[in-house]
Each structure stands twice: as structure tokens, then as C-alpha cells.
Amino acid sequence: MPGNARSESSPGEVSFGSFLLDAKRRQLLKDGNEVRLGARGLDILIALTDRAGEVVSKRDLMHSVWHDVVVDEAGLRVHMAALRRALGDGQEGARYIVNVSGRGYSFVAPVERLRPDAPASLAPVRAPLPGRQIPATPRLLVGRDEAIENLITLLAKRRFVSIVGAGGIGKTTVALAAAARGAGDFRSGAWFVDLARLTDPALVPVAIADALRESAGPSMSSSLSSLSPSPLAQARNGTERDHEVLLVLDNCEHLIGAVASCADQLLAGTRQVKLLATSREPLCIRGELVRRLSGLALPPSLPSASSGRDRLRAEDAIAFAAVQLFVQRASEPQRAFHLDEANAEEVVAICRRLEGHALAIERVARRVGALGIAGTLDHLARRFHMFDGHHEGPERHRTLTATVASSYDLLSASEQAVLRRLSIFEGPFSLTAACRVGGAQAAVQGATQGATQGATQAAKDRAAAGAAEALTYAAVVEDVGQLVAKSLLVAEARDGEMQYHQTPLTRAFAIEQLIALGEREDAGRRLAAFLSEDPSTGRNTPGHD
């Protein structure tokens, strides 16, 4: 059927590359020309594209294609080989179907579903694009020049640098900018591996290996055209595959174990490949250099009245990156906003409340046109989730709540509980306070009392209780450490003691969870009991809501 491509798509159509697959008509076209494909091969293609980006087990694939007919894996391999030949898989860098050793098959090419009235789950969806050259930065780049230049300098000396920070803080934006500026230092340039869309750890080595294949160029693509049982073994087993390239591994946290394993293999098996990763927690492998990304720069606290200046001037405020970003977003087309002496202090107050969090500043600034500066600050103080009505960007950033929820979902049950309970603190708190409110209760005191009251059964019971509580204390200490590592708690040294606090974004989410699970009253009692035992501790433990 040469040249008979239809102008309107029918239900069940998907496109990938130069192909159009019509499941309803059971037809595959390439550039408008029909591709001859057997019935079984077509069934396999339909089954794989229907679950593009996922690993489909051989059992599921055989059941979908052959139904109740008994067939062995050899039959599946024969039809799979014929399908790959028909698609030109592996030719001129084209990649459609990969075999994930021990798991099954995955369709990894970008797929677009053309059904115009498809529900959300079937609306235009693209399967994970394993590797591509660096895309444009997705957001305004404000106040990050120093961080970007620092990364470029580090990558000249080190092979693996990871950017770690809270969700929405700007890790991807900074990584893309650094890679784009530094790409010229690598013979094969810089290549982007978007891990955010992957959910199966088994696809991580496939995505990274495909990025290596694409970056190698045509001269090496033939030697990289077939994946070995371990995709990254290709990089380890041949010096011709070791080339100067920077791979940006973006959004590693939800697949942290798989990414860490692949990065470790790649660094051990090559000498010229370099890695720049973004994650909400470190990968914790040998050779990793961690650089934490904090919020944008904020104006210092207002000077005292005795200095003769009791108001912050607009020209002083705009010198700081957090205020610059707020003003740019608030004054975008159709938003008549100008920073002046009358609103400068309130703008700075908003930015301070958001602790320079880039994504939060952007989202809140968009509401200024409707609420005004004073109204925005008032609503921000009341309920953070009121600023969730925004739907641009990747799914993990669709709402401010989503930026924390995606991290929260990756925590263990005990880490989630500690995070919720610590939201009762409005400001900084000590590790002792965190342990007492977060889970442990009078651990040391209970153990001491049990040890000094003789050999009575009651004393032994108290000692046993104290020991059990001490274990709980240790567990909370561990959880606090993990929450710091995962960018959900901020740790700072103050007056010789470590102090902790949740960012406003994290706290707003955590306290909503605390209320939803009916734990707020208990957390409040824990805090009150802790403060009542030694009122002096209140100096470092501000009150609660």
C-alpha cells in the first residue's frame, strides 16, 4: 500500500520513529508504506508498544500472543528476531526493542499515542528516551553561575560528580547548564539520560548503555548494536567503547541502587567516561564527589533600627537571586508587577519563607497577579498547598506537594513517621529533641533508673524498658541521618551543636500527613513533655503550631 498514509488517525494508532502502527486495522506503516509482518510479529509489536518503557516478561508476552497455545521460548525468539529485522532494529543507531536478561523484553523507542480522545493514561505518552544530547534548560537560570562554573571545574578533575538537593531546588537545571557549557571539553560531547520516567531498575543499565551507544557515533555503533546479558559489560570489555563523553544521569533517587551499581561498573570499566548525576540523596559509591545544592541567595536579616535603616530598599533586595527569580516570574507577560519600596520587604519575606527554593518561588510568584503581594504572603503563611494549582513541567513537579510526596514515598515506614512528627517544630531543634518527639521517650533516663534501683522485678522491668527505648532512640538517630541525606531535613552547626529543621515546603507536606493520620495531638504532647522536663531546652526548640 505505498503512499496510502491516512490523514486522520484511528483509535489504537501509535507512532514511533518513522513508523505508524494501527492495532485496530492490524497494519504497520513506515513512511506511509506498509511493512510486511507476520501475524505473530504484529501481535508482539502491539503488546510491547502497549506497555512501552516497561519490561514485559516472556510469560506475559507468550500468553498475550499465543493465548492458550503452548509454545516454548525458542518460538518467541524466532518471531522476535523477525520483528527486529522488519523494524531495522540496530541499524544506523535505531533502537526499538531490548532484551532485559532474565526479565523479558522492553520497547524503548519514544512512542506517541495518536488517539485524540484518549483518557489521561493513554493521552500522548512518550516512552523513556534512553539517551540524547543535552536539551535546553527547562527553567529560568538565575543565581547559579557560580555553582555551574564550579561543576565544570570539578568535572575537569574528577570522573563522577553528583548534585544532591531537595526536589525542585534546581538540580536538573544546573546540571543541564553545566553539561551544555562543558560539552566542548569532551570529544563525544555531553549526553542526557532521563531516569525520571523509568520505574523498573532493570531498565537502568539499558538506558545508560544506549546513551553510550548513541554518543559513540556511527563508527562505533555497530560494535554496540547488541546488548550483552549485562549491557554495561560492553563498556568494560572493550577499549573501543571507552570514549570521551559526559553522561548526565538525571533523577536517580527512585532507582538509587540500580544507578549506583551501573555507575560503579562504568567507572571501573572505563577511563574516559565521566558522570554527572542529580539525586535527592548521594549514590554512596567509590569516587563520588557530592555537591549539595541549596536555595537561591537571600537578603540578610533586616538591620536593627539603631542603624538608621528600618526598611529594606528595593535596589538592595533585587541584588539577590531569590528576589530576582520572584520578580521575573511575577512580572511575566500579563502580570503587571514591579518591585518597589512599598513591596520590597514583603517580597523578601516571601522568599525567606520559601528559603530560596527555586520551584516554590516560581509557583508562588505566579499567584501575585490574583492575590497581590500582601495576600500572597498571608495565604502562604496559612496553607502552603493553596499554591498547588499549577500543571506545567514533569509530573514530579506538577504541584509543590508532589515535589515532597515523591521523596516521601521512597522512605521507609519509620522514616516517614519521624518526618511527620518532626513537623511539629516551627523552627530549629536539637537531635535530642528530634529523638524525644520523633519516637524515643526518656531512653537514657529509663535505663539509668532501672540500673540503680536494685534487683527487684520492677527495677528489672524498668531497665528492660529503658534498653528497648534506647534502641528506639538509636533508630530515630539513624532515621534523622537518612532524612538529612535524602534532603528532607536541613542540618546546620550552631554554637557548637547540630541543629535541624524542615524546609517550609517539606514541613507543609509533613504536617498535612501528620493531621491526616491523626498524629498531631500525640506529637504535640511529646513536645510539651520534653519542654516541661527542662525549660532551658526551649531556647533551641521553638514552639509548635
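Author: Let's begin with a loop: Cys284 sits between strand S13 (273–279) and strand S14 (289–292). Helices (H or I, at least four residues) and strands (E, at least two) are DSSP runs, numbered from the N terminus. Keep in mind that this is a predicted model, where local features need pLDDT of at least 70, side-chain atom pairs count only at pLDDT 80 or more, and totals for chains, interfaces and linings use all residues. Residues are numbered from 1 along each chain as its sequence is written, and side-chain values use heavy atoms, with hydrogens and water left out.

Reader: Is Cys284 buried or exposed?

Author: Buried means under 20% relative accessible area, exposed means over 50%, and partly exposed is in between (1.4 Å probe, protein chains only). Cys284 has a relative accessible area of 66%, so the label is exposed.

Reader: Which loop holds Asp495?

Author: Asp495 isn't a glycine, yet its phi is positive, about 50 degrees. With 85% relative accessibility, Asp495 counts as exposed. Its loop is the one between strand S15 (490–494) and strand S16 (497–501).

Reader: What does Val323 touch, not counting residues up to four places away in sequence?

Author: Contact means heavy atoms within 4.5 Å. Leaving out those sequence neighbours, Val323 touches Pro299, Ala317, Ile318, Leu339, Val347, Val348 and Cys351.

Reader: How far apart in space are Ala314 and His338?

Author: Ala314 lies in helix H10 (residues 314–317), and it is buried, with a relative accessible area of 8%. Ala314 and His338 are 24 residues apart in sequence, and their C-alpha to C-alpha separation is 10.0 Å.

Reader: How many disulfides does the structure hold?

Author: A disulfide is a covalent bond between the sulfur atoms of two cysteines. To be counted here, a pair of cysteine sulfur atoms must be within 2.5 Å. Cys262 is buried at 4% relative accessibility, and Cys435 is buried at 0%. The count of disulfides in the structure is zero.
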